[in-house]
Amino acid sequence: MHHLVIDRWSRGTSPLHQRDPRAKLAALLVFLIALSTTPPPAQAGFAAYAILLILAARLARLPIRGLAGRAALVLPFSATFALLTWWSGDSLRALALAEKSFLSGLAALLLVGTTPLTGWTAALESWHAPRMLILVIQFVYRYLFVIAEQAQRMRWAALCRGRGSFRLAAGLVGVLFARSWQRADGVYHSMLARGFRGRFVPAPSAPFRASDALFLSACMAGCLAIRILL
Amino acid sequence: MPRHPHTAVSRAIQIQGLRYRYPDGTQALNGIDFHLDAGESVALFGANGSGKTTFVLHLNGLLRGQGSIEICGLPLADGTLEQIRSKVGVVFQDSDEQLFMPTVLEDVAFGPLNLGLSPADAQTRARTVLKRVGMTHALERAPYHLSAGEKKRVAIAGVLAMDPEILVLDEPTTFLDPPTRRDLLILLRSLPQAKVVVTHDANLARALATRAVFFDHGQIAGEGDVMEVIQRFHWEYS
Amino acid sequence: MHIPDGFLSTPVWATLDVVSAPAVAWVARRAQRETQDHRIPLLGVMGAFVFAAQMINFPVGPGTSGHLVGGALLAIVLGPAAAALVMTAILALQALIFQDGGVLALGANVFNMALAGIAAGYLPYRLWHAERRTVAIFAAGTLSLMTSACLALGQLLISGVPMRGGVLWASLALFLVNALMEGAITVAALGAIERLNPEWVPGPQPASSRTLAGAALVALLVVVIGTLVASAAPDGIQRLTASGADSAAWPQRAMAGVVGIVMILALCYLGGKLMARRRSA
């Protein structure tokens, strides 16, 4: 499954991996805003952003083809709208739609490919995202693949015994729900068994270093330069 | 880690007349008398549904029935739950339910943090314990990606990190291949805590436990030497 | 429908980000008050369940199959606040890890699917669960999807994505078909779940005012349809806001969206306050 790749990527040790997640998240947002506000005629700007991302990928020692492949998943969707836009006469805007959606996806991938989930959720929390939301995000991620695999195995088992049907699918969903609910009970028991009393103790956050500030400033400067000049 | 010397007076576990009825009316436990001495290992046998897991959930107060339960001399009650949960470490059958934090290190540190250790101390203890079970290479990994055997080790580490006096393991070797079972057995034998092991695995019971208890329909139908119980209740299939 | 980055114009995504952030904070506080401790892992596991359940094929005809989206199901099983929080978590993960939906557009997607979509997935159940349970659940599923889709379409239109008449109607028809399927799938799924354990499909909290719920639903629908109509006919907005100076001036375009959004939020806030007051009475 795709997630295995991103998890593996995020455990690297490149200079980009070692930057503070808050710096990377802020850099991502600056990049996305610069990209998003770029008017369609500024094609040189899009090329410059692409180069910036490629440089970041090399710094992160991540495979560009792998990154591009995943980012390209957005293209069927944007291609439809791009075609519509092209058809209504605005070809530059059509191109911009495809470019913006692709480059945005690539940038987001660079963040999650160099930052484990705990990292960027901690960054969100330090920016006052609600604690409960962060906990739910972590739990969803934790059990996502377990339950998805369960669903897959149940589907296969069912298909071994005949064609799929609406009723069968509903039954599968019902049983998957039941097993998930029971799993949640099991998790809660495990939490209680290890002394949980209603409060998750937050992990301490590492200090923001000079190298992180430097990285963030460089990204901001780069994005601003491209945005203004190109 | 420092170990507290046990007085001969209080047993690790002393249970009398334990009864439990599920909300839907089924009488799951019907008068259980059980004891465990410090450092002793006991295997729990019995058919699925005979009450073994229900019994085990009473040992740290996750389920509360009637009868008396004493853990290391402490009677199980609302006020003593916290202490008892730090003395009784339960390793559940499904490791995925046990390892719920995003990384191995965070999961093992969960218990110590709840006990009141500072984040730094909790991490140190977690690292120590992970070294003990041989999982230092997986500190920052997501539990999902570990093999079944590795998950079981991390689950045990998470429980050991609370420095318990009693270890309870619910079917620890399910889903493990023979070499992994052997490694797990070696690890468990090296741990000094008293142990209650619910298992269908006769080999594990023989190698680990000095005594066996046989559950049948919510009652204890017999107990004694492991081999003797296995033979008396025909608990092997070859 | 998850909107990627690059589609929405700056005023639209920026406004929705600014509006959704406090809304999510409010939802989180509410969910925290209503959720007992043991349900925190439950919320996470339910989110994972919905993700996984979305993979399951529901054949509806030769060559066609539908999938559960799950907004209404979550709203009915967990209650609206918890469901909205879970949906937000799902959308955040989809945006970052799965590249399904943009990061800047997260505010818009959260607004459409986690806020409005969940509200529309809950209110019909709240209103009609007693008399016409199956119909109520069907309506919840259908409206949940239709609401998110219409809002998304509206936002795309306001942003200037061209959708001439035929295309717009075709999209709406497609969404309607999907929405009806969601209704049917939600009914079937909840039926199967309920057979396994009726306690998993609770009735809605009776203390909340039924009239208010009804008013909220009507208001939601009015705003959603209104936004769609208004965004499809931007000149009308120009006339309404009595400016008409520069048709490309984005303040006017943002205004239409903001008014609608503020109305929905004010109504939800009011609804929440009144529900709380009645419960404590």
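Strands count as paired if DSSP finds at least two bridges between them. Keep in mind that this is a predicted model, where local features need pLDDT of at least 70 and side-chain atom pairs pLDDT 80 or more, while totals for chains, interfaces and linings use all residues. Residues are numbered from 1 along each chain as its sequence is written, with chains lettered from A and ligands numbered from 1 in the order written.

Back to that pair: B:Ile15 has B:Ile69 of β4(B) as its bridge partner. Both strands sit in an open, antiparallel sheet of 4 strands, ordered β2-β1-β4-β5 in chain B. β2 (27-36) and β5 (74-75) are at the edges with a single partner strand each, so one side of each has no neighbour in the sheet.

Now, how does chain B touch chain A? Here 27 residues of chain B contact 23 of chain A, contact meaning C-beta atoms, placed from the backbone, within 7 Å. On the chain B side, α2 (81-87), α3 (95-98) and α4 (104-115) each supply at least two residues, and α4(B) gives the largest share, 6 residues.

Last, chain C. Its β1 (58-61) and β2 (64-66) are antiparallel, joined by 3 bridges, with C:Pro59 opposite C:Ser65. They make a hairpin with 2 residues between them, and C:Gly63 in the turn has a positive phi of about 80°.

Terms used:
Contact = placed C-beta atoms within 7 Å.
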